[in-house]
Amino acid sequence: MKTVYRTTGTCSTVIELELCGGVVKNVSFRGGCNGNLQGIGRLVEGLPAGEVIRRLDGVRCGNKSTSCPDQLCRAVEQALREQPSGE
């Protein structure tokens with residue numbers, strides 16, 4: 001199932017991802033630092049959603065209260081909420 005998440009407080013503006021059986025797939029960012037965000041997307045590819053959340057929750061960028069990795073965590077949480085029961 002594809003999720004589109006609109007970020008807040010970061011240079012990236014949108015995160016798109018898929019959850020398949022609780023596993024994160026096909027992560028892409030719009031905006032932000034292209035190379036770094038491609039790298040983050042590749043690093044979390046194939047990880048269970050809970051592990052992505054555990055690793056990225058609360059990561060900050062400079063003086064900001066959030067970051068692109070933290071917003072990815074929020075996107076994964078949203079995807080979990082939207083996932084039909086039984087998946």
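**Ground rules**

I number residues from 1 along each chain as its sequence is written. Since I am working from a prediction, local features need pLDDT of at least 70 and side-chain atom pairs count only at pLDDT 80 or more, while totals for chains, interfaces and linings use all residues; side-chain values use heavy atoms, with hydrogens and water left out.

**Entry 1: the sheet**

I began with the strands (DSSP runs of E, at least two residues, numbered from the N terminus, as are helices, which are H or I runs of at least four). I found an open sheet of three strands in the order β1-β2-β3, with antiparallel pairing. Pairing here takes at least two DSSP bridges between two strands. β1 (2-6) and β3 are the edge strands, and each has a single partner, so one side of each has no neighbour in the sheet. From one strand to the next, the twist averages 20 degrees. Such angles are taken between N-to-C directions of axes, from 0 to 180 degrees, the axes being lines fitted to C-alpha atoms, for helices over the stretch in contact.

How many bridges join β1 to β2? I noted five. One more detail: V4 has E16 in β2 as its bridge partner.

**Entry 2: helix α1**

After α1 comes G46, with a positive phi near 90 degrees.

**Entry 3: helix α2**

In α2, I listed A49, E51, V52, I53 and L56 as buried. Their cover includes β2, β3, α1 and α3. Just after α2, G58 has a positive phi of about 90 degrees.

**Entry 4: R42 and N26**

I then checked R42 against N26: they are 16 residues apart along the chain, and their C-alpha atoms are separated by 8.4 Å.

N26 lies in strand β3 and is partly exposed, with a relative accessible area of 45%. I flagged N26 for its positive phi of about 50 degrees, although it is not a glycine. Most residues other than glycine have a negative phi.

**Entry 5: the largest pocket**

Last, I looked up the largest pocket and got a volume of about 150 Å³. Its lining has 14 residues, and C33, L37, C61, C68 and P69 lie nearest its centre. α1 and α3 each supply at least two lining residues, and α1 gives the most, with three.

For the terms, a pocket is an open set of points on a 1 Å grid over the protein atoms alone, where a 1.4 Å probe fits, with protein on both sides within 12 Å along at least five of seven lines; lining residues have an atom within 4 Å of a point. The volume is the space filled by probe spheres set on the points, which are joined across faces, edges and corners.

Key: Buried < 20%, exposed > 50% of the residue type's maximum accessible area, 1.4 Å probe, protein only. Contact = heavy atoms within 4.5 Å.
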